[in-house]
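Open the model in your viewer and keep the selection panel at hand.

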Amino acid sequence: MGQEVVAAQGISKSYNSVVALDAVSFTVRPSEVYVFIGPNGAGKSTLFNIIAGVMKPTSGSIRVLGGSPFDPSTRLKISYLPATPPLYPWLTVMENVDFYASLYGFNRNTVRQEAKWLFEKLGVQELATRLSSKLSTGQMKLASIILSLAIEAELLILDEPTTALDPAMRRSVLELLRKKVSNRVTILMATHLVDEAEGLANRVAIIDKGKLIAEGSAEELKKLYAPPAVLVIKPVPEQVENASAVLKSRWGNVYSCNGEVHVHTDDPDEDLPKTILILGEKRVRMLSVSVVKPTLEDVFLKLTGRRLEE
Amino acid sequence: MRIKPMVSFIIRDLKLMTRDKTFVFWLVAWPLIWIFMTAYIFVPPTGDGGTIVLNLGIVNLDSSQTPLNGSSLIKILEEAEYNDSKLFNVKLYQSEEEALRALRRGELDGVIVVPEGFGYAVINPVEKARLHAYVGSRTPESAQISSSIIIGFLERFSEGVSFKMVENAVNIIKWLPISEEEKLWFNATVQGIMRPLDLTVDHVSPEFFEDRVRTLGWYTIEAIGMMFLYFGFNSGAILVVSEKERGTLRKLFSTPLTEGEFLVGSFLSQLTTLLISALILILVGVSPAVGARIVLDPLNPIHLLAVAFMVCGALMSMSIGALVSLLSKTVRGASGMGTVLGLLLSFTTGIWFPLEWMPQPVRLLAVIFPPAWSIETSRRILVFETFAETLILDSVKIFSSTAILLALALLTYRIRIKQYAES
């Protein structure tokens with residue numbers, strides 16, 4: 001236990017009769033990127049608030065960096081980025097950095113120096129002197145990330161850090177996070193973007209309706225829960241529902257998303273021609289058909305019967 | 001408890017003070033507007049701002065060719081003064097009907113009709129000179145004032161006429177074969193009958209109206225008290241809920257910041273803001289532009305005590321704001337309630353209007369409202385330099401109520417922080 005950065009045992013949290021977390025247990029090891037994936041309302045933010053020492057669990061125990069997160073000396077080693085950008089609108093981004101640095105009691109110049117490096121690395125130096133109230137949603141998110149990374153912490157807790165960022169900026173942020181990990185920082189992150197989780201995580205935990213339903217590396221999870229392949233059929237837009245209904249009558253694991261129909265298959269060589277034949281008989285016009293490797297989204301589908309964004 | 005985080009709260013909010021126009025308006029501009037309105041409209045530097053001038057219509061039907069006739073009465077009315085200010089704006093009318101129409105339209109406060117033969121009747125000892133007055137009554141208060149001024153004036157005029165007639169009578173009897181002593185006795189007796197009571201009247205103003213500079217000093221401290229109330233209530237009410245709505249509350253408590261540091265830091269920051277604003281108001285108040293009298297000698301312990309009372313007033317206002325926060329879960333609701341309640345109480349507890357102007361039941365509010373004690377006591381010291389005999393008792397009351405309200409505020413905030421962090 002002494003080596004674990006986070007050790008959660010049977011964490012539950014209820015609001016009146018609503019159960020937000022139900023006996024969640026997991027451990028995070030040093031310099032690990034541990035990513036929670038789950039839909040909105042799964043309990044990720046509640047769990048992070050508990051780990052960050054903001055909220056107390058109804059039951060269960062939590063140890064962070066060998067201490068209690070409700071002890072200020074433990075929180076000195078944690079930097080938490082909540083889902084909502086925690087910026088004071090009348091302060092510039094750098095003044096926000098200064099303010100939070102002073103709450104840690106850190107040397108202002110050291111934190112400023114780190115923040116400047118982050119602004120430069122992300123190519124957004126102009127944001128430093130801008131009032132937070134004048135930032136766009138994406139810029140606010142970026143400023144919040146810089147705010148959290150500028151603090152010299154042993155554990156970074158990031159709740160949906162890349163939401164509202166454009167793909168290029170998201171890649172830059174993920175690169176920075178990898179660099180942090182190489183500097184012996186542990187990252188605990190929540191996301192609903194599976195490619196992000198797969199690209200960054202050492203281990204992934206799938207959380208749904210307050211329960212941790214699976215945990216392991218992305219590869220392990222896919223091996224355990226995902227099919228060997230996924231057939232991706234893209235019908236003409238007006239025939240997506242029809243194609244989905246036709247295939248569901250033949251196979252069980254059929255899901256529609258973004259104008260595509262996904263079919264989980266154990267034998268793509270056999271099922272691909274059959275699928276094309278069946279859809280052809282029903283006069284479904286197809287734009288493309290492909291066989292792809294499964295993702296964590298498919299793991300989640302398999303475990304919950306729902307998509308992450310549902 | 002660490003100093004650095006608490007100082008950072010003060011710096012954070014001072015930046016708000018310099019950058020948010022709405023904040024600056026309510027904190028500094030609005031009380032200054034009131035101070036300047038007081039100095040230039042309600043208590044103007046010169047002129048007759050404090051004296052009531054009545055619009056008086058005169059219908060002069062008298063054509064007597066005597067020294068004291070209708071025309072000379074009009075001249076007396078036009079020249080009548082009170083406190084070196086004109087008492088009447090006289091307007092002449094040809095007929096009683098025309099004057100009464102103007103009175104009904106609210107253009108006049110009163111009408112005096114001087115009948116034909118008035119001048120002859122005045123000098124005729126066997127005949128009574130008649131005058132008829134109409135008093136306008138737009139409101140019960142205006143009727144009371146107009147009536148008192150017009151009737152009071154005419155009674156003094158009547159008395160003046162009587163003395164003139166006695167003088168005439170004495171001139172007649174001096175030809176009679178009676179001794180000089182008897183003549184003097186007759187004169188004194190008749191005057192004694194006319195004026196049996198030798199009434200002397202002195203005007204004593206309430207303390208705050210003693211002189212203009214003190215009145216302005218009174219109103220300057222009042223503007224500070226009013227600002228403490230509406231702004232203190234407001235800032236106290238939104239202290240925690242604003243962090244929640246902004247999304248900063250969870251970030252704050254994920255840092256090593258303790259609840260105590262947050263509350264003390266936030267309170268000190270709000271207090272600093274209020275005191276800076278109070279200092280600006282005092283400096284403007286005592287500047288030549290306003291000319292208020294406020295005496296603050298930093299070496300005088302009583303004056304320093306007055307400053308401590310003002311600090312207590314600010315702290316109590318913020319603490320009451322904390323209690324208001326229990327009534328609302330949004331910044332909008334808490335802020336609205338805090339501001340309205342603060343303004344309402346500043347008007348009804350003797351902070352904005354002198355307590356003497358309040359109806360008796362409302363005065364009870366000032367008796368039970370601790371921030372009003374601190375403002376009133378510091379005002380007595382800084383403006384009137386009167387160190388009340390009850391100073392020790394006042395100090396005990398003010399300091400202990402500040403401590404109690406602060407404790408209640410901290411308790412309220414702890415409850416709110418827990419609720420908001422958990423929700």
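How far apart do the C-alpha centres of domain 1 of chain B and domain 2 of chain B lie? They lie 55 Å apart. To see this, select residues 3-44 + 209-422 of chain B for domain 1 and 54-194 for domain 2; the bounds come from an automatic or database domain assignment.

This is a predicted model, in which local features need pLDDT of at least 70 and side-chain atom pairs count only at pLDDT 80 or more, while totals for chains, interfaces and linings use all residues. Residues are numbered from 1 along each chain as its sequence is written, and chains are lettered from A and ligands numbered from 1 in the order in which they are written.

Next, select chain A. Its C-alpha trace spans about 70 × 45 × 40 Å along the principal axes. Chain A holds 11 helices and 13 strands (DSSP runs numbered from the N terminus: helices H or I, at least four residues; strands E, at least two). Of its 310 residues, 45% count as buried (20 or more other C-beta atoms within 10 Å of the residue's own; exposed means 12 or fewer; C-beta atoms are placed from the backbone).

Now select residues 3-19 of chain B, helix H1. Buried here are B:Pro5, B:Met6, B:Ser8, B:Phe9, B:Arg12 and B:Asp13. Looking down the axis of H1(B), the buried residues fall within an arc of 155 degrees, so they line one face of the helix (the arc is that of the directions from the helix axis to the C-beta atoms). B:Ile3 and B:Thr18, on the other side of H1(B), are exposed.

Conventions
The expected span of a helix is 1.5 Å times one less than its number of residues.
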